[in-house]
Structures are given as C-alpha cells and as structure tokens.
Amino acid sequence: MNHLFTPFTLKSMTLRNRIVMAPMCMYSSDQTGFVKPFHMTHYETRAMGGTALVILEATAVEARGRISAEDLGIWSDTHVEGLKQLTEVIHRHGAKAGIQLAHAGRKCGVPSEDMIAPSPVWFEEAEPSYRLPREMNIDDIQTVVEAFKQAARRALEAGFDFIELHGAHGYLINAYLSPLTNFRNDQYADGTLLLEEILNAVHSVLPSHLPVGLRISAEDYAEGGNLPEHLAEKINRVMKKMPEGQGIDLINVSSGGVVPSRINVFDGYQTRHAEIIGQLTHIPVMSGGRIKTAEMADEIIRNNRAELVFLGRQLLIDPYFPLHAAVTLKQEIDYAPVAYERWKTGR
Ligand SMILES: Cc1cc2nc3c(=O)[nH]c(=O)nc-3n(C[C@H](O)[C@H](O)[C@H](O)COP(=O)(O)O)c2cc1C
C-alpha cells in the first residue's frame, strides 16, 4: 500500500515522497521579476526539509501577466540565470524543482499594465479591486500562447523538472475555462481551445519525458460556475486532441478565485474535488488545502484519494514538515543534509 513516503514517478521525474510545496507568491522580487536572495533561502529551506517537489510561485510569462509588481518573472531570457541558481540549490538537497507558469489576465495587480481577458467583465463592479479588462483579440491570444512557449523553453534551460500551467484562481487560463468570465462568441468561447494551444506550444519546446501539469479551480462556488465534473469534461476533451504523451501529466486541484464568493473552508476541503477529477480524467492528481498534519496527508495517499499532497501554509511555518512527518509516521528517510539526522538519533 502506498503511503506519504512512497516514491512517485511521473515521466522522467521521480519524487522521494508524496509531499509537494504548493506554489505561493512571495511578493519578494521587484519590477525586474528577478530571483532575489530571499527566494534562494525560501526555496532551498523547503528542499532541505525533505519536500519532494518544490513548485515555485506563479511566475509571469509576460510582464502584464503579473499578479503583483513583486512577482517572479520568466518573460525574458535574462530571467533564466537566477532561476537556474534556484533549481541548483533545490536539487542539491534531493528535491525536484517545478515552476508555475502564470498569466494573471484580468487579475493583474500592476496598475501600469494592460489588462486582458476573454471578455471585458469586472471582477467586482461595486467596489473594484481590479480594473476593467479589455477583450483579447486573436493577436493578443497568439502573443500569450507564444509567451507560454518561450517561458517553457526558459524553464527547461533553467533546469526545472516539472512545469505547471496556472489554470486556477481566476487567472487567464481559468478565465477562459469558466462560464462566469468567458462570454465570447468565437472559437475561444468554450475555453478549452486556449488551453489546447498553450499545451501544444509548451510541448513543442520540451522533451517528451518532462512532465507538464495543470492547476485548476475545480469549483467556482457561484451559481452557473464550474464544478469538478465540468472541469473533468473539459480536460478530457482537450486530452483527446493531444498527441500521445503530450497532454497533462498531473492535475493540481485547487478551487475558487474566479469571482468573489463565500467559500466554506475546512481542513481538507478540496480533497473531494481532487478525487472526482482523478476518477473522471484518469490523470494523476495532487490534492491539498488546509492540510496540517502528517496523518491527514498520509490518509489521502493510503486511501488513493490523490497521488500527491500539496502543502502551502503549513510549509511556510514549518519548512521541516516532511522530517517531522517521517518521525510521526515511523518512516525511515534519508536526510539531506545528512548532519540533520542527529536530530532524529539524538546522538
Ligand atoms: C502566500 C500565498 C501565496 C499563494 N500564491 C499562489 C500562487 O502563486 N499560485 C497558486 O496557484 N496558488 C497560490 N496560493 C494558494 C496555495 O498554493 C494553496 O493552494 C493554498 O494556500 C491552500 O493550501 P494550504 O491550506 O496548504 O495553504 C497562495 C497561497 C498563499 C498562502
């Protein structure tokens, strides 16, 4: 029976356990989008703590695709060097490095940037926290697809083992996938075509062994919005059109963020979504959302509810969560650095 410390292989990437660091914006770069000393410490520490896969925060494929002005960027070749240094330190401690390629679309929080979206719809009209986006034309769509392609090429050059497309939380790909934000009447009306074009573009510059994931919002928590079944159907439709081995290798199941809504949040609140997505798509899924204990993370794997578990805030306050979890679950693991074993042995 698999458990939290059973290795997991996805194409060329073998993970030492099932614990993944969720992508989390750290708002710690500047207008350049470059990696800063903070990022080096932040990500290296989680790799040292035993996390199997460290997924970098939403990293903007275009400057106008930033969520905040302090986001990491990958919109030019000059970003590669810093990202390469990051993958090197992550690898040094036995972890794999992933990057979340992102475009904010109508949730771009940089006032000087162009705001683009499938349709010109307010996020919150009464008290706008974002500006009104303009509707993308075909040239805009092609520019964005090309930006994802170039970003994937740079990510490969920087040494990442895994590439995740940010298709959740109301950002650009998600805005196409949700009926609450896509009111187009052209070929992009159903939302899957943009995803399909981005996947094709990304795969065209990546070796076939490198796994590509998609983060989704499995539920919009609003009337008329997406439910897990809708997302699964859309993903299945996209996958049918993809050449063998060139689709989505892993689905990172999150939820919400498309429109303002009240979400009933409790420990493990998104695991049911991941189960449904996994069952309906037959693609490996990653589940998380307020998972704070080793037992809870382990239960998800033991009961085959997901292949991987992501932790966000728990890993912020406890970068050594995997080392603690191994002791709690009585699992023998290799420590990296080896000197940390002295904590376990007490000698
Ligand atoms: C500080 C912070 C920044 C986040 N930034 C991102 C992000 O860049 N991309 C993303 O997909 N989710 C982002 N999230 C959501 C997390 O990846 C995760 O799904 C969420 O925090 C729920 O997991 P948790 O309860 O384990 O923290 C962020 C969350 C936090 C707390």
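Biologist: How do the residues of the lining of the largest pocket divide into nonpolar, polar and charged?
Modeller: This is a predicted model, where local features need pLDDT of at least 70, side-chain atom pairs count only at pLDDT 80 or more, and totals for chains, interfaces and linings use all residues. Residues are numbered from 1 along each chain as its sequence is written, and side-chain values use heavy atoms, with hydrogens and water left out. Ala, Val, Leu, Ile, Met, Phe, Trp, Tyr, Cys and Pro count as nonpolar, Asp, Glu, Lys and Arg as charged, and the others, Gly among them, as polar. On that scheme the lining of the largest pocket has 14 nonpolar, 8 polar and 5 charged residues.

Biologist: Which residues lie nearest the centre of the largest pocket?
Modeller: A pocket is an open set of points on a 1 Å grid over the protein atoms alone, where a 1.4 Å probe fits, with protein on both sides within 12 Å along at least five of seven lines; lining residues have an atom within 4 Å of a point. The lining here comprises 27 residues. Nearest the centre are Pro23, Met24, His169, Arg215 and Arg313.

Biologist: Which pocket corresponds to the space taken by the ligand?
Modeller: A molecule sits in a pocket if more than half of its atoms lie within 2 Å of its grid points. The ligand's space is the largest pocket.

Biologist: What distance separates a polar backbone atom of Gly312 from an oxygen atom of the ligand, and how much of the ligand does the protein bury?
Modeller: A polar contact is a pair of N or O atoms within 3.5 Å. A polar side-chain atom of Gln100 is 2.8 Å from a ligand nitrogen atom, and an N or O atom in the side chain of His166 is 3.2 Å from a ligand oxygen atom. For the backbone of Gly312 and a ligand oxygen atom, the distance is 2.8 Å. By the Shrake-Rupley method with a 1.4 Å probe, the ligand taken alone exposes 610 Å², of which the protein buries 84%.

Biologist: Where is Pro337, and what is omega of the cis peptide bond there?
Modeller: Pro337 is in the loop between helix 10 (321-328) and helix 11 (341-345), helices being DSSP runs of H or I with at least four residues, numbered from the N terminus. The cis bond joins Ala336 to Pro337, with omega of about 5°.

Key:
Polar contact = N/O pair within 3.5 Å; in protein donor to acceptor, adjacent residues only side chain to side chain. Helix = DSSP H or I, 4+ residues; strand = E, 2+ residues; numbered from the N terminus.
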